Every structure is written in C-alpha cells, then in structure tokens.
Amino acid sequence: MKLLLVDVESKFSKSLSQLLKKEGYVVDKITDSEIGLELAIFGSYDLIVLNLLLPIIDGITFVKELRFQGISTPMLLLAPNDNIEDLVNCLDAGADDYLVKPFCTEVLLARLRALSRRKNKEIAENELTAAGLVLDTAKCLVTQGSNVIKLSVKETLLLETLMRNSGNVVTKERIFERLWGSNSIKEFANVDLYICYLRKKIGTVNIKTVRSVGYYLENIT
C-alpha cells in the first residue's frame with residue numbers, strides 16, 4: 001500500500017518511515033505541509049499519516065482541505081497530547097483516527113491495518129458493474145473495456161442511477177430528482193442534456209430512450 005507521511009520532525013519521520021517500509025508500505029516522507037497537501041490532492045495514496053502540529057498548514061486545516069476536495073483517503077493524525085478538544089476537532093474535520101505521541105508501534109500498525117480494511121470495503125461499495133461498464137462513484141471514473149473515462153459529478157450520479165436500475169426504465173422525473181432535487185428551479189430539459197453529455201462520453205449504444213417516459217441502460221449479453 002502507498003502511504004503519505006507528513007511530519008516536520010525529521011528524525012521521528014525518518015524512523016517511522018523506515019518502520020513502515022519494513023512492514024511493506026511504500027512511503028513518501030514529506031516535511032513541508034504545503035508540498036504534502038499538494039501530493040495528497042493530486043497523488044494517489046491508500047493512507048495518509050500526518051502530524052497535527054504542522055507549520056503553515058496545520059493538521060486540521062490539511063484534513064478539511066482534502067475533504068473539501070472530495071478526497072476520501074483514510075487519515076491518521078499524530079498529536080503531542082491527548083487534548084479532548086483537539087481530538088474532537090480532528091474527527092469533526094474528517095480525520096479517521098487520532099494517535100498520541102509517544103505511541104506503541106504495534107498499536108500504530110494495527111490502526112493502519114484497520115484503516116486499510118475500511119478503505120478496501122469502501123472501494124468495493126463505491127464500484128458498480130453493469131452493461132459492460134465499471135463505475136467508481138467516489139472517483140467519478142467509468143471503465144469501458146480498456147478505456148477509463150472521467151465524468152462530472154452530475155454525469156456520475158446519472159450513470160449510477162441507470163446502472164443501479166440496469167434493464168429497467170428510469171423516469172425523467174426520478175432522474176431529475178436524483179440530480180437536482182425535487183425543489184430545484186432547474187429546467188426539466190436538463191435531464192435530456194445530461195443524457196446527451198453521457199452518451200458522448202460512453203457512446204449511444206447502451207443508453208436507450210423510452211419516448212416521453214425516460215431512459216434505461218441496456219444489458220450486454
């Protein structure tokens with residue numbers, strides 16, 4: 001598994017990085033919080049471990065920014081004490097776990113294993129397969145054969161709705177409510193527009209129209 005370690009204490013982070021590598025992790029060790037945040041946003045990591053007390057971008061701000069960007073990578077924060085307020089703020093910001101220094105390495109490794117299992121479960125829950133397509137709802141990516149196609153959030157919601165009802169007609173009303181909500185002031189014609197967007201990306205073969213009713217995803221046999 002690939003892990004990002006962000007900690008300004010170079011001696012501590014070096015020893016921790018060595019430990020994690022011995023356990024089979026691929027580790028990127030960063031002491032600059034700004035570079036660490038950039039890597040966390042644009043890189044691809046299975047786990048992130050970071051110090052709560054980081055200069056420039058503190059741990060809580062780091063976590064909030066990642067969650068705001070829609071990145072769900074499990075994060076474990078390391079703190080200098082067991083201050084309850086810090087613990088609550090970290091978890092409320094979107095951190096997955098919190099560990100006070102100094103800590104037992106066996107406990108750290110056990111918590112990382114627990115976060116890894118949670119991530120693997122979320123990956124399984126986020127993947128849908130239907131009509132020759134594999135959709136990752138968290139990353140807004142659809143795989144079609146050997147092609148990986150990036151979708152917008154609305155296109156992902158639309159395709160997810162069709163895939164969860166593969167072979168069955170989904171009415172325009174239901175699609176509209178799923179994408180914009182029943183109280184939206186958006187034009188109803190937006191449903192047809194987003195169907196058009198989706199067809200341009202994945203092709204017109206699978207998405208069938210039932211005139212004046214809705215759409216359905218045709219299963220491929």
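# Close-up views of a predicted model

**View 1. Helix 3 passes helix 4 in a left-handed crossing.** The model shown in this and the following views is predicted. Helix 3 covers residues 59-68, and its axis lies 8 Å from that of helix 4, at an angle of about 15 degrees. Because angles under 35 degrees count as roughly parallel, helix 3 is roughly parallel to helix 4.

**View 2. The two ends of helix 4.** Helix 4 spans residues 84-93, and asparagine 83 caps its N-terminal end. After helix 4 comes glycine 94, with a positive phi near 125 degrees.

**View 3. Strand 4, helix 4 and strand 5 form a right-handed β-α-β unit.** The strands of this unit, strand 4 (residues 75-79) and strand 5 (residues 97-100), run parallel and are joined by four bridges. Alanine 79 has valine 100 of strand 5 as its bridge partner.

**View 4. A right-handed β-α-β unit is also made by strand 1, helix 1 and strand 2.** Helix 1 of this unit comprises residues 10-22. Strand 2, residues 26-30, runs parallel to strand 1, and five bridges connect the two. Lysine 2 is bridged to valine 26 of strand 2, and leucine 4 to aspartate 28 of strand 2.

**View 5. Strand 1 (residues 2-6) is mostly covered.** Of the five residues in strand 1, four are buried. Strand 1 pairs with strand 2 through five parallel bridges and with strand 3 (residues 47-51) through four bridges, again in the parallel sense. On the strand 3 side, leucine 3 has leucine 47 as its bridge partner. In a regular strand, side chains alternate between the two faces of the sheet.

**View 6. The open sheet contains five strands in the order 2-1-3-4-5.** The pairing in this sheet is parallel. Strand 2 and strand 5 are the edge strands, each pairing on one side only. From one strand to the next, the twist averages 20 degrees.

How values were computed
Residues are numbered from 1 along each chain as its sequence is written. This is a predicted model: local features need pLDDT of at least 70, side-chain atom pairs count only at pLDDT 80 or more; totals for chains, interfaces and linings use all residues. Side-chain values use heavy atoms; hydrogens and water are left out. Buried means under 20% relative accessible area, exposed over 50%, partly exposed in between (1.4 Å probe, protein chains only). Two strands pair if DSSP finds at least two bridges between them. A crossover is right-handed if, with the strands pointing away from the viewer, the path from the first strand over the helix to the second runs clockwise. A polar contact is a pair of N or O atoms within 3.5 Å; within protein, one must be able to donate a hydrogen and the other to accept it, and residues adjacent in sequence count only if both atoms are side-chain atoms. Axes are lines fitted to C-alpha atoms, for helices over the stretch in contact, and angles run from 0 to 180 degrees between N-to-C directions. Angles under 35 degrees count as roughly parallel, over 145 as roughly antiparallel, 65 to 115 as roughly perpendicular and the rest as oblique. A crossing is left-handed if the near helix is turned anticlockwise from the far one by less than a right angle, and right-handed if clockwise.
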